[in-house]
There are 2 protein chains.
Amino acid sequence: MTLKLYNTLTGKKEPFEPIEDEVRIYSCGQTIYEDMHVGNAKTYSAWDVLTRYLKWKGYSVFHVMNITDVGHLTDDADRGEDKIAKSAREKKLEPMELVTKQVIKLYREMDRLNMCRANIYPRATGHMVEMIEAVKKIIGNNYAYEVDGSVYFDVPGFAEKHGYPVLGGRTIDDLEAGAGGRISDEEIKEKHSPLDFALWIKAPPEHLMQWPSPWSEGYPGWHLECSVMGLKYLGKTFDIHTGGIDHIFPHHPNERAQNMAMHNLKEEPIKYWLHSAHITVEGEKMSKSKGNFYTVEELLERYDPMVLRTFFAGLHYRSHSDFSLKTLKEAEKKLSRLDNSIRLAKESEGGKKETLSEKINKVLTEFEEAMDDDLNTPLALSKLIAFSKDINNNLDNRRVILDEAVVVTKELANVLGIKLDREQADIKAEPYIDLLIEVRENLREKKEYELADRIRKRLESKGIKVEDTESGPRWYGI
Amino acid sequence: MTLKLYNTLTGKKEPFEPIEDEVRIYSCGQTIYEDMHVGNAKTYSAWDVLTRYLKWKGYSVFHVMNITDVGHLTDDADRGEDKIAKSAREKKLEPMELVTKQVIKLYREMDRLNMCRANIYPRATGHMVEMIEAVKKIIGNNYAYEVDGSVYFDVPGFAEKHGYPVLGGRTIDDLEAGAGGRISDEEIKEKHSPLDFALWIKAPPEHLMQWPSPWSEGYPGWHLECSVMGLKYLGKTFDIHTGGIDHIFPHHPNERAQNMAMHNLKEEPIKYWLHSAHITVEGEKMSKSKGNFYTVEELLERYDPMVLRTFFAGLHYRSHSDFSLKTLKEAEKKLSRLDNSIRLAKESEGGKKETLSEKINKVLTEFEEAMDDDLNTPLALSKLIAFSKDINNNLDNRRVILDEAVVVTKELANVLGIKLDREQADIKAEPYIDLLIEVRENLREKKEYELADRIRKRLESKGIKVEDTESGPRWYGI
């Protein structure tokens with residue numbers, strides 16, 4: 001069976017054929033000025049499932065996900081303030097201090113969400129020399145020009161030779177028609193065309209993050225880092241580039257143009273471009289002012305991370321989806337169903353039937369068919385849940401078949417990023433100790449002193465000291 | 001009371017006076033090619049206690065700890081292979097892939113060891129432009145010269161004008177006498193003097209990590225990053241520089257020389273240089289071949305992180321110390337003593353005496369005196385443990401005084417990086433659930449069905465399902 005992926009570059013579902021044995025993937029990651037929110041997590045979960053599925057199909061995968069720590073302005077059209085610098089100023093931190101905090105937090109939250117580690121998380125500030133070299137090359141190949149210390153990419157000049165397929169089916173003409181509205185005369189006075197974008201931006205002296213370059217003390221344009229880091233770690237041509245739909249324009253066409261301009265490439269530098277749709281929250285665009293903004297941090301305070309992953313698996317990455325606490329409840333139920341069928345299969349005494357064998361083959365095929373169709377995770381998940389019902393209805397199968405059913409359920413859930421049948425290490429002990437103390441009180445009321453005392457002693461042997469005070473029993477860890 | 005610190009630069013204990021209000025500290029951190037071992041952890045714990053103590057004394061602190069991800073060769077005399085590249089080759093990883101894995105692990109282990117986050121963890125590869133600019137400046141100020149694409153710092157030329165105090169009481173003459181033995185004629189053919197060190201090293205083509213520069217495709221000398229990152233984040237002069245004793249030569253004198261050469265500085269760029277001694281393991285130098293090499297990761301599998309911190313607090317940072325599993329046992333006892341006295345004070349009914357008040361003032365003074373004397377943590381810890389005995393012997397004090405004793409114990413332990421009286425979040429729930437199931441069985445045997453059933457229901461409300469099977473009860477998380 002062949003995986004087909006929807007390629008935004010061509011607007012078609014295409015069979016996936018890697019360039020070399022190892023599949024090389026670049027994912028646009030977090031601009032690290034704020035916490036990961038539920039929309040970011042939905043997108044990164046999609047790419048996590050992509051790499052998991054490719055591995056499940058037998059490919060080896062090399063995955064790079066960048067972290068933007070400079071150059072991403074508050075407006076995509078080379079205007080506004082640096083997002084990191086702005087957020088750092090608001091929080092009264094040094095920009096790199098903010099980056100340090102946020103990067104550590106991001107890794108921790110990705111771990112909790114059971115996202116496989118990318119092979120490299122390169123950071124923009126770690127590639128300043130390479131970015132400056134890239135600008136030199138692009139100028140050298142006559143695709144960029146300098147104006148007063150800033151350097152701009154010549155989009156019309158490039159488009160004439162190599163085309164400028166605006167991803168998502170739009171053409172450069174669509175942009176030219178609309179460009180007047182995007183940028184005021186004042187703002188474009190340095191640009192030869194409103195379509196041009198900055199490769200290097202001369203920094204005002206008060207700008208906190210700036211580096212020396214042949215053109216000015218300044219900083220790189222936002223699009224540049226992905227070109228440079230993709231080329232450095234994945235090569236001049238690689239397989240898959242992922243991002244959110246907001247990257248369809250201008251980030252990704254500009255990145256593509258830079259890659260080609262740098263090396264005078266004739267062929268497409270990146271074969272498949274995948275874009276994940278955003279989610280709304282209770283029907284509305286998520287925004288802090290509306291109070292419907294959910295960070296991963298706050299959701300993980302209230303929900304099992306696997307509930308979130310089950311929720312994300314239930315969405316197709318290209319579909320606009322809606323998030324609400326109600327949808328999480330539904331995801332929670334789905335997760336329970338999967339966990340319960342495993343539990344029942346494990347507990348079952350077994351029997352002599354072999355009916356489940358056929359169901360196992362069926363779910364494997366159906367799961368792969370669904371995933372092969374542009375990663376249709378909602379369908380794959382529903383097939384897996386249907387299989388969990390098959391398990392529940394066939395607990396009288398041979399032990400070895402029940403075991404296989406458990407393995408297959410866990411394996412397929414794992415491809416979707418859902419860890420089932422977890423160790424209970426994360427369950428906190430306090431409520432159970434409280435309950436033991438309460439039971440002991442009940443026993444003492446019933447004058448069952450021996451059992452009551454045994455509870456106290458057993459707790460003490462585990463390092464929990466129970467003290468009876470005037471206001472009732474209290475316990476402490478010794 | 002005034003803090004005195006032993007300054008390796010002068011070889012004396014000196015009163016600590018910060019240059020400005022905020023104390024600025026730079027710590028040489030991990031070269032990220034291998035896991036943090038117990039010796040690293042001992043050093044970083046010392047600097048963690050330094051920042052904690054300064055904060056406790058009312059200073060505000062800005063702490064930078066670097067992460068070396070390029071340029072640290074296997075030999076300090078500009079020879080050998082890049083440590084990262086070598087380790088990556090051995091592990092069959094890309095160098096930056098190794099760095100990604102190791103950095104994430106380092107942060108996690110530092111968290112578990114209750115080390116306060118530094119404000120910034122800058123990485124060498126993130127400061128390539130700044131390093132190249134620094135080399136330009138040093139050449140411009142006539143303290144460096146280029147030979148065939150590599151750039152060397154002119155140590156004798158610099159020493160003539162600014163001195164070259166080799167930290168640890170040695171002089172440049174000691175080095176010159178010994179230098180012939182350090183470097184062969186072959187190796188120094190590019191260097192004007194055997195004391196000179198590399199600022200920029202021309203890379204052989206097969207070298208994985210290299211960057212373009214005005215001199216060659218190459219990579220920075222190891223000493224350069226600390227100069228550049230210290231200057232960038234802490235300014236031309238700052239308060240404290242920390243490191244291990246292996247940095248006393250050549251890393252730190254070279255760093256000092258670079259800082260001064262870059263800006264033609266006349267004054268000392270860094271006021272206090274602190275160096276932490278290494279630890280041996282069971283009397284021998286720790287080494288992988290001897291099998292006495294302990295990583296933090298493996299120790300944390302077997303020991304409470306606070307046992308490790310108690311062990312480190314029991315060592316003076318400048319004393320050579322020995323580590324063994326037996327010494328950890330002793331640390332475990334010390335930790336229990338502190339925890340127990342808090343528990344007893346909390347549990348006590350209290351009384352009318354006020355004898356503990358005086359002891360509280362005494363421990364506060366003694367603790368500060370010990371710490372003021374070049375961070376004498378072993379003495380400070382022993383005073384705190386003596387105080388815990390005072391608590392145990394004075395449980396009949398007024399409730400408010402007992403409460404104060406608890407607060408003071410926790411506060412002082414915290415200065416030493418030891419978290420007492422912890423939340424029980426880390427206690428695993430399984431044994432308590434098992435005990436509840438067992439109690440329920442006992443109740444059913446005694447025909448106390450109502451209480452037995454209440455336990456089952458309460459467990460279920462917490463997501464624990466109890467199933468009675470032929471082989472006895474079993475439970476699962478739902």
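## A tour of the two-chain model

Begin with both chains displayed: chain B can be laid on chain A with an RMSD of 1.0 Å, by a turn of 178° and a shift of 0.3 Å along the axis. The two copies are thus related as by a two-fold rotation axis. Please note that this is a predicted model.

**The axis.** Select B:Gly126 next. Of the residues of chain B, B:Gly126 comes closest to the rotation axis, with its C-alpha at 1.6 Å.

**The contact between the chains.** Now select the residues at which the chains meet: 45 residues from chain B and 45 residues from chain A take part in the contact. On the side of chain B that touches chain A, two or more residues are given by each of helix H3 (95-112), helix H4 (128-140), helix H11 (325-347), helix H15 (430-445), helix H16 (449-461), strand S16 (464-469) and strand S17 (472-477) of chain B. Highlight H15(B), which supplies the largest share of that side, eight residues. Colouring this side of chain B by class will show 24 nonpolar, nine polar and 12 charged residues. Of the interface residues of chain B, 93% are also interface residues in chain A, so the copies meet through the same surface.

**The domains of chain A.** Turn to chain A and colour it by its domain assignment: domain 1 (19-281), domain 2 (303-424) and domain 3 (428-477). The centres of domain 2 of chain A and domain 3 of chain A, taken over C-alpha atoms, are separated by 40 Å.

**Helix H13 of chain B.** Return to chain B and select residues 377-393, which form helix H13. From first C-alpha to last, the 17 residues of this helix reach 24 Å, close to the 24 Å expected at 1.5 Å a residue. Show the side chains of the buried residues of H13(B): B:Thr377, B:Ala380, B:Leu381, B:Lys383, B:Leu384, B:Ile385, B:Phe387, B:Ser388 and B:Ile391. An α-helix has 3.6 residues a turn, so residues three or four places apart point the same way.

**Helix H10 of chain B.** Finish on H10(B), where nine of the nine residues are buried, so this helix is largely enclosed by the rest of the structure. Among the buried residues of H10(B) are B:Met306, B:Leu308, B:Arg309, B:Phe311 and B:Phe312. Which elements cover the buried residues of H10(B)? The cover includes H1, H3, helix H9 (296-302), H11 and H13 of chain B.

Conventions. Residues numbered from 1 in each chain as written. Chains lettered and ligands numbered in written order. Predicted model: local features only at pLDDT ≥ 70, side-chain atom pairs only at ≥ 80, totals over all residues. Least-squares fit on C-alpha atoms with pLDDT ≥ 70 in both. Contact = placed C-beta atoms within 7 Å. Domains from an automatic or database assignment. Helix = DSSP H or I, 4+ residues; strand = E, 2+ residues; numbered from the N terminus. Nonpolar A, V, L, I, M, F, W, Y, C, P; charged D, E, K, R; others polar. Expected span 1.5 Å × (residues − 1). Buried ≥ 20, exposed ≤ 12 C-beta atoms within 10 Å, placed from the backbone.
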